[in-house]
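I opened this notebook to record, entry by entry, what I looked up in the structure shown below.

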Amino acid sequence: MLAENEERSVRMMVVATSNYVHSVHHEGSTFIVCLERKTCTCRRFQMDEIPCSHAWAVLKKKFLDPEPYCSDLYKPNTLLVTYNNSIIPLPDRIDWNVPGYIENEVVRTSKFKKLSDRPPKKLRDKSYSELHGKKNKNSCSTCGCKGHNRRSCRNGPRTE
């Protein structure tokens, strides 16, 4: 995410309004970034707790390190601490100590039968680079030029 945000911040114009508050102009829109409160009017900075592309533009202009502006959740030490506790496996089912009121409880099936049909198509969100990145051009196997294929070729064969 950081790399994508850095890539998007290249063509943004930053105007400082105070030490911590900056105006970022991009494609006709203006975003207000406050580094002290870690906020941006696009709200990505607050939601992801990682500098958005507008905050990146400000950090690059001020030559600041982005790490202090990232949440601790993204840091490797936090990940290690998360999985630091050991997990005790369950004993065999015979050895379980289940209270009587739970053991005697009957679980009923659903009243409604789900119709079997094709599962819904899972749409995934495309990344910024997939939407706005460079697209591969076709190249012709006859003449070698890009932008068309062999069927629509108007040039003669390659001469090597």
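I took helices (H or I, at least four residues) and strands (E, at least two) as DSSP runs, numbered from the N terminus. I note that this is a predicted model, in which local features need pLDDT of at least 70, side-chain atom pairs count only at pLDDT 80 or more, and totals for chains, interfaces and linings use all residues. Residues are numbered from 1 along each chain as its sequence is written, and side-chain values use heavy atoms, with hydrogens and water left out.

**Entry: a pocket**

I looked up the second largest pocket, whose volume is about 150 Å³. A pocket here is an open set of points on a 1 Å grid over the protein atoms alone, where a 1.4 Å probe fits, with protein on both sides within 12 Å along at least five of seven lines; lining residues have an atom within 4 Å of a point. The volume is the space filled by probe spheres set on the points, which are joined across faces, edges and corners.

I found its lining to consist of Met1, Glu4, Asn5, Arg8, Arg44, Asp48, Ile50, Pro51, Cys52 and Ser53. Two elements, α1 (2-8) and α2 (44-48), each give two or more residues to this lining. Of these, α1 gives the most, with three residues. By class I recorded four nonpolar, two polar and four charged residues. Ala, Val, Leu, Ile, Met, Phe, Trp, Tyr, Cys and Pro count as nonpolar, Asp, Glu, Lys and Arg as charged, and the others, Gly among them, as polar.

**Entry: cysteines**

How many disulfides does a search of the whole structure find? I found zero, a disulfide being a pair of cysteine sulfur atoms within 2.5 Å. Cys52, one of the pocket-lining residues, is in no disulfide, and the nearest cysteine sulfur, that of Cys40, is 3.7 Å away. The sulfur of Cys34 also has its closest cysteine sulfur in Cys40, but at 10 Å, which is too far for a bond.

I then checked burial (buried means under 20% relative accessible area, exposed over 50%, partly exposed in between, with a 1.4 Å probe and protein chains only). Cys34 is buried at 6%, and Cys52 is buried at 3%.

**Entry: an annotated region**

UniProt, in an unreviewed entry, places the feature "domain: SWIM-type" at residues 31-63. Such annotations may be inferred rather than shown by experiment. I noted that the chain over residues 31-63 is 42% helix and 18% strand, with its end C-alpha atoms 19 Å apart.

**Entry: backbone angles**

Most residues other than glycine have a negative phi. I found a positive phi near 55 degrees at Lys38, which sits in the loop between β3 (29-34) and β4 (39-40) and is partly exposed at 36% relative accessibility. Arg43, also not a glycine, has a positive phi of about 70 degrees; its place is in the loop between β4 and α2.

**Entry: single residues**

Is Ser9 buried or exposed? I found Ser9 buried, at 2% relative accessibility, in the loop between α1 and β1 (13-16). Its side chain joins that of Lys60 by a polar contact of 3.2 Å. A polar contact is a pair of N or O atoms within 3.5 Å; within protein, one must be able to donate a hydrogen and the other to accept it, and residues adjacent in sequence count only if both atoms are side-chain atoms.

Ala57, in helix α3 (residues 53-61), is buried at 6%. Ala57 and Val24 are 33 residues apart in sequence and 7.6 Å apart in space, C-alpha to C-alpha.
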